[in-house]
Amino acid sequence: KLDKSALSSSTLILLTMNNHRDNLTAFNYKELSTLDGESAEKWQQLSKGMGGHHVKGILTFPKVKNPQTLEIIGLPVGDVVLKF
């Protein structure tokens with residue numbers, strides 16, 4: 001459930017990815033993701049369409065005031081490192 005209380009106690013990141021090679025819905029992004037070295041607390045997938053080549057969801061992390069780096073490690077399409 002997404003509400004204002006979640007925003008005050010957690011950092012939420014909307015993740016949208018697509019490719020035309022692998023089923024992106026098959027991965028547990030909670031297990032693969034860190035934000036500034038902190039593991040994700042939750043992955044909530046918002047979409048299941050497009051044959052798994054497109055995925056959208058919300059990663060929940062402990063509250064971070066100014067996040068710097070999101071890493072998703074272990075995807076067959078390569079690792080993702082996003083700098084904010």
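Is threonine 69 buried or exposed? Threonine 69 is buried, because its relative accessible area of 14% falls under the 20% limit. The model shown in these views is predicted.

**View 1. Threonine 69 sits in strand β6.** The side chain of threonine 69 reaches the side chain of lysine 83 in a polar contact of 3.3 Å. Other residues touch threonine 69 as well. Leaving aside neighbours within four places in sequence, its contacts include Thr34, Leu35 and Asp36. Val81, Leu82, Lys83 and Phe84 are also in contact with threonine 69.

**View 2. An open sheet is built from 4 strands.** The strand order is β3-β2-β6-β7, and the pairing is antiparallel. β3 (38–39) and β7 (80–83) stand at the edges. Each has a single partner strand, so one side of each lacks a neighbour in the sheet. Strand β2 (residues 33–35) is joined to β3 by 2 bridges. Within this pairing, threonine 34 stands opposite serine 39. Strands of a sheet pair through backbone hydrogen bonds.

**View 3. Strand β5 pairs with β1 and with β4.** The pairing of β1 and β5 is antiparallel and runs over 9 bridges. Here asparagine 18 has histidine 54 of β5 as its bridge partner. Strand β4 (residues 42–45) also pairs with β5 in the antiparallel sense, over 4 bridges. In that pairing, tryptophan 43 is bridged to leucine 59.

**View 4. The largest nonpolar core holds 16 residues.** Which of them touch the most other members? They are Leu15, Tyr29, Leu59 and Phe61. The elements giving two or more residues to this core are β1 (10–18), β5 (54–62) and β6 (69–72).

**View 5. Histidine 20 lies in the loop between β1 and α2 (29–32).** Histidine 20 is exposed, because its relative accessible area of 69% is over the 50% limit. Beyond its neighbours within four places in sequence, histidine 20 is in contact with His53 and His54. Where does glycine 52 stand relative to histidine 20? The two are 32 residues apart in sequence. In space, histidine 20 and glycine 52 are 9.1 Å apart, C-alpha to C-alpha.

How values were computed. Residues numbered from 1 in each chain as written. Predicted model: local features only at pLDDT ≥ 70, side-chain atom pairs only at ≥ 80, totals over all residues. Heavy atoms only, no water. Core = buried A, V, L, I, M, F, W, Y, C linked by side-chain atoms within 4.5 Å. Buried < 20%, exposed > 50% of the residue type's maximum accessible area, 1.4 Å probe, protein only. Polar contact = N/O pair within 3.5 Å; in protein donor to acceptor, adjacent residues only side chain to side chain. Contact = heavy atoms within 4.5 Å. Pairing = 2+ DSSP bridges.
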